[in-house]
Amino acid sequence: MKKRFVLVMLMAMTCLTGCVEYKATMDIKSDKSMKYSVDYAIDTTVFGEEEIMDSEDKKKLEKEGFAIEPYEHDNMKGYHINKSIKNIDAFSSKDDVKYNLSGILNEETQDAKIFRVKKGLFKNTYYANFEFDASDSGLSDNEGEEPKNDEEGTSDEQLDDESLNDLTDSLMNNLDLSFNIKLPSRAISHNAQNVNNDGKELKWNLSANSVDNISFSFSIYNMGNIILCIFILVAIVVAVGMFVKRQKKLKI
């Protein structure tokens with residue numbers, strides 16, 4: 001009886017879209033600072049007032065330096081999780097890097113490298129190679145039970161199990177999962193499905209049933225080096241001008 005009730009509930013839920021929202025965003029600025037945030041929420045008309053994260057998960061996130069704030073939008077209710085980084089160079093490596101977007105609860109993420117960087121005098125080029133696996137994010141924990149067989153063949157219970165598995169997969173495909181990037185300049189390369197703001201804003205629609213690979217590259221000017229070079233150039237021009245002026249006076 002309970003299984004049939006769950007089956008009916010799942011059938012109703014598959015008619016809805018976006019009953020679970022997971023939107024991750026990296027906002028990278030021209031000064032190399034970055035804010036990483038995740039809006040993680042569920043539809044209260046479907047799930048009621050059920051908590052999307054327990055206290056242990058919250059403590060792990062806070063230990064990793066994330067701030068956790070309540071998040072509500074229309075019928076969606078959950079949390080806005082965010083973390084600010086002063087300089088992405090501290091989280092970049094000259095070697096190839098593969099970053100797990102979905103493993104933010106992993107205690108090793110505190111010192112993880114996010115980008116591969118190619119440093120230059122006037123600008124740095126950053127290469128991102130990310131992976132999103134919903135099984136690491138807690139979004140696909142509800143797995144259907146294994147079908148049961150009896151001696152007389154397929155039973156109503158087995159049919160229910162199979163339907164439950166199919167409907168669960170269908171529900172997972174209707175989740176609103178995305179990864180968004182905001183860049184200070186147009187992306188050099190990317191494999192995003194959606195592009196806005198002249199290539200400065202990228203969006204990937206993520207899957208709950210498979211692993212997504214995300215790649216993009218971009219450049220940021222080293223304003224400190226540029227200003228220093230301009231200052232040195234101006235100083236040289238002024239020094240040469242003064243030298244020429246002095247030589248003219250000596251000839252007089």
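Trainee: Which residues do ring pairs link into a cluster?

Mentor: In this predicted model, where local features need pLDDT of at least 70, side-chain atom pairs count only at pLDDT 80 or more and totals for chains, interfaces and linings use all residues, the cluster joins Tyr99, Phe115, Tyr126, Phe130, Phe179, Trp204, Phe216 and Phe218 through ring pairs. Residues are numbered from 1 along each chain as its sequence is written, and side-chain values use heavy atoms, with hydrogens and water left out.

Trainee: How is a pair of aromatic rings described?

Mentor: A pair is described by the distance of the centres and the angle of the planes. Rings of Phe, Tyr and Trp (its six-membered ring) pair if their centres lie within 6.5 Å, and planes under 30 degrees apart count as stacked, over 60 as edge-to-face and the rest as tilted. The count by this rule is 13 aromatic pairs. Among them, Phe179 and Trp204 form a tilted pair, 5.6 Å centre to centre with 40° between the planes.

Trainee: Which parts does the pair of Phe179 and Trp204 tie together?

Mentor: Phe179 lies in strand 9 (residues 176–182) and Trp204 in strand 12 (residues 201–205), so the pair ties together parts that are 25 residues apart in sequence; strands here are DSSP runs (E, at least two residues), numbered from the N terminus.

Trainee: Is Trp204 buried or exposed?

Mentor: Trp204 is buried at 3% relative accessibility, where buried means under 20% relative accessible area and exposed over 50%, with partly exposed in between (1.4 Å probe, protein chains only). Trp204 also forms a tilted pair with Phe216, 5.7 Å centre to centre and 45° between the planes.

Terms used. Helix = DSSP H or I, 4+ residues; strand = E, 2+ residues; numbered from the N terminus.
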